[in-house]
Amino acid sequence: MDEHDVPSSSAAAAAADVDDSQSGAAERLERPPRRQQKQKISNYGSNEQLERNNADHTDGPVLAVPYVVVRGTNSQPPRLSAGGADGGPGPSQQELEEEQGLKYGAQHVIKLFVPVSLCMLVVVATINSISFYNSTDVYLLYTPFHELSPEPSVKLWNALANSLILMSVVVVMTILLIVLYKKRCYRVIHGWLILSSFMLLFIFTYLYLEELLRAYNIPMDYPTAVLIMWNFGVAGMMSIHWHGPLRLQQGYLIFVAALMALVFIKYLPEWTAWAVLAAISIWDLIAVLSPRGPLRILVETAQERNEQIFPALIYSSTVIYTYMGTHYTPEQPLPTATSSPSYSNSTTTTRTTQNSLASPEPATGGSTARPGNSRAHQRQQETQAAAEGMPLVTFKRNLHGNEEAAGFTQEWSANLNDRVARRQIEVQSTQSGNGRLSNEYRTVTAPDQPQPELPEERGIKLGLGDFIFYSVLVGKASSYGDWTTTIACFVAILIGLCLTLLLLAVWRKALPALPISITFGLIFCFATSAVVKPFMENLSAKQVFI
Amino acid sequence: MTLPELFGCTFIAFGPPFALFVFSIANDPVRIIILIAAAFFWLLSLLLSSLLWFAVVPLRDVLAFGVVFSVLFQECFRYIIYRILRSTEQGLHAVAEDTRITENKHILAYVSGLGFGIISGMFALVNVLADMSGPGTMGLKGGTDLFFMTSAAQALSIILLHTFWSIIFFNAFDTNNYLHIGYVVVTHLFVSLLTLLNADALYWATLLPNYIVTILTGVLAFKVAGGSGRSFKRFVMCR
């Protein structure tokens with residue numbers, strides 16, 4: 001995705017990508033950002049458009065803040081001349097934007113198809129080659145009823161009770177997370193995340209390796225195994241929580257999701273697994289869409305705080321750049337806070353931009369600092385360089401599949417007041433109509449020098465929980481040994497994902513990704529294994545082709 | 001021997017469609033989505049025909065009944081996806097990076113036909129392939145050892161036929177050419193019913209006519225899509 005010129009404002013309506021949550025309850029999609037054509041839309045002064053974007057969010061705090069025109073310098077050099085002119089783009093441009101968003105979305109759909117398919121592939125291949133994951137003999141703590149009775153009615157209430165227990169754990173964990181987040185206990189959340197990913201990357205991976213070797217009858221001595229595990233796990237921890245190439249990070253996230261799905265398939269009794277799938281998609285629907293839904297609160301809180309929400313737990317199809325490149329060293333005195341006003345101004349305004357636009361997404365490209373100030377410019381680039389290498393997507397999950405994300409910066413809270421004051425000044429200046437002229441804090445100044453365009457990419461984000469439960473569905477379907485069911489589930493899930501993304505493009509808000517896909521998947525899974533499979537078996541046994 | 005057989009049959013059946021996918025579909029996100037959507041519609045048609053087959057208990061052993069209705073359902077869904085694609089053409093035009101997809105209407109037909117074909121071939125063959133990997137094989141005690149090979153070859157012809165049928169079918173509805181619509185339905189019925197003979201291991205009686213039909217349909221689809229003898233010659237000569 002070579003989207004080089006999205007002004008920071010284009011992401012304005014981006015739905016918050018908070019993710020989060022518990023055992024995959026955090027499935028959310030972030031809609032593809034609108035893409036604005038750089039030449040056509042005179043971005044500056046397009047009050048209407050921005051306000052419309054803002055209006056897309058019904059997030060109160062955001063709406064309360066009048067937008068501040070702070071624009072990416074890299075996108076429209078001619079902006080300068082048109083200063084504060086109000087030439088809102090007409091509806092046609094709005095449509096154009098939507099089309100652009102859809103077009104952009106089509107690529108991102110594929111960018112999600114590939115990892116989702118890969119994750120499912122890992123799970124299905126494992127299920128079919130390692131019989132260990134096929135049979136349930138040990139059970140999770142959360143599923144006290146083991147469905148051992150042959151009676152369907154007993155199995156049914158066992159499954160319902162199990163899934164109820166599991167779901168209440170999920171709900172409690174989600175609420176706990178939100179409380180922690182509200183109270184700004186970032187360290188706790190971060191520690192939780194790291195601990196969980198540590199366990200997954202070491203303990204569960206070790207179990208996986210052991211079963212893999214056993215299935216293929218490969219002998220391996222402990223030193224070698226320890227060496228492999230150490231390298232694999234440490235590389236994973238680093239790439240997930242710290243620096244790492246994007247591909248590596250994505251690979252680890254996919255693997256971790258697949259591992260978690262395998263754990264669910266292995267340790268959940270059969271009917272319980274299906275009941276949990278149904279329950280979690282309903283929970284997802286409630287948590288994301290209902291007015292007081294926990295995930296929704298999470299999104300709104302993060303928007304309010306102007307944070308990267310939980311960048312963790314989200315598979316991002318592209319690099320997320322951030323100018324808050326130092327977030328992993330919160331104690332370190334930030335250069336932004338200590339350096340000259342002009343410099344601090346630049347970072348502040350980028351945040352302000354974000355805030356005013358309600359965009360949780362990292363405004364990349366630094367949403368531009370003031371290029372006129374060479375020093376600030378330089379610093380900005382440094383920051384961006386640092387940010388480039390630093391994936392914000394982290395991942396964590398505890399034993400029972402709860403995943404949490406963290407990765408907030410603490411610096412913003414440090415100079416919160418500072419920012420608020422500055423923003424107010426900016427807002428006032430904007431309202432007074434001549435924002436550009438008004439005060440030193442404005443960053444609307446046009447670039448004297450073209451800022452080098454940074455690769456700006458904003459992808460659709462999919463919660464890792466989605467990966468997990470899609471894979472659970474497909475893996476569970478394939479554990480019955482029928483490939484047609486597996487393929488039917490796979491196609492149904494992809495179509496469901498497509499529809500979700502379509503809705504995302506239409507509604508432009510964070511959406512739960514599980515309900516449609518899982519519903520389709522469940523319908524096709526049961527219909528195929530009950531009705532289609534006998535038909536197809538009959539046909540293929542007699543070599544009849546339809 | 002089972003593993004080579006597995007790979008051989010997989011490549012016979014899915015090699016050409018895979019090549020088609022890689023070279024003509026994979027580069028365009030919109031085409032991939034349409035391919036998967038077409039596969040989904042085929043699944044729906046299969047679901048309906050299976051439900052019918054399942055519901056009519058007395059006729060469950062009479063496969064011809066199931067086959068006829070399955071073919072009719074598939075053609076209905078081909079028509080449905082035709083309607084959907086044509087009605088969303090405007091949107092597609094806006095969405096597609098590659099404007100050829102709407103300028104050349106046959107591309108949509110081709111993509112959806114390939115989607116139909118691939119999913120149909122997969123459903124017909126994938127469980128057979130799974131059994132093929134061993135440990136047992138066909139033909140040692142009864143049955144014929146040609147079973148796997150002929151299944152794979154038949155699946156390939158069905159995949160290609162679906163692609164050709166869609167091209168002809170879409171164009172026929174665009175131009176109100178009822179002859180072509182009839183041709184598609186009749187040949188589909190013919191090919192499917194002919195495969196009923198496979199149960200008696202009459203492979204030459206099924207494969208040969210089916211491949212003849214495949215080639216004829218391919219030629220017709222080529223003509224419908226605007227090809228001619230001269231353009232074919234030019235294509236072969238790489239000019």
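Okay, let's start with one stretch of chain A: over residues 188-209 the chain is 100% helix and 0% strand, with end C-alpha atoms 30 Å apart. Keep in mind that what we're looking at is a predicted model.

A:Arg184 has a positive phi of about 60 degrees, although it isn't a glycine. For background, most residues other than glycine have a negative phi. Is A:Arg184 buried, exposed or partly exposed? It counts as partly exposed, because it has 13 C-beta neighbours inside 10 Å, and partly exposed covers anything between the exposed limit of 12 or fewer and the buried limit of 20 or more.

Stepping back to the whole of chain A, the secondary structure comes to 19 helices and two strands. Of its 546 residues, 55% are buried. And if you take the contacts in chain A with a separation of 6 or more, 83% of them join residues 24 or more positions apart.

Let's zoom in on one helix pair. At what angle do α7 (residues 222-241) and α8 (residues 246-267) of chain A cross? Roughly 110 degrees, and their axes come within 9 Å. That makes α7(A) roughly perpendicular to α8(A). On the α7(A) side you'll find A:Gly236, A:Ser239 and A:Ile240, and they meet A:Leu248, A:Gln249, A:Tyr252 and A:Leu253 in α8(A). Sorted by class, this contact has four nonpolar, three polar and no charged residues.

Now the two chains together. Their contact takes 31 residues from chain A and 41 residues from chain B. Over on chain A, α4 (91-129), α18 (483-507) and α19 (514-541) each supply at least two residues of the side that touches chain B. Which of the helices gives the most? That's α19(A), with ten residues. By class, this side of chain A has 21 nonpolar, five polar and five charged residues. The model's scores are ipTM 0.93 and pTM 0.72.

On to chain B. Its pLDDT averages 90, and 99% of the residues score at least 70.

Residues 146-170 of chain B are 96% helix and 0% strand, with end C-alpha atoms 36 Å apart. For residues 177-197 of chain B, it's 81% helix and 0% strand, and 32 Å.

B:Leu146 lies in the loop between α6 (105-132) and α7 (147-175) of chain B. B:Leu146 counts as partly exposed, because it has 14 C-beta neighbours inside 10 Å. Its C-alpha atom is 8.8 Å from that of B:Tyr203, 57 residues apart along the chain. Then there's B:Asn176, in the loop between α7 and α8 of chain B. B:Asn176 has a positive phi, near 55 degrees, and is not a glycine. With 8 other C-beta atoms within 10 Å, B:Asn176 is exposed.

Note on methods:
Residues numbered from 1 in each chain as written. Chains lettered and ligands numbered in written order. Predicted model: local features only at pLDDT ≥ 70, side-chain atom pairs only at ≥ 80, totals over all residues. Axes fitted to C-alpha atoms, helices over the stretch in contact; angles between N-to-C directions. Helix = DSSP H or I, 4+ residues; strand = E, 2+ residues; numbered from the N terminus. Parallel < 35°, antiparallel > 145°, perpendicular 65-115°, else oblique. Contact = placed C-beta atoms within 7 Å. Nonpolar A, V, L, I, M, F, W, Y, C, P; charged D, E, K, R; others polar. pLDDT = per-residue confidence, 0-100.
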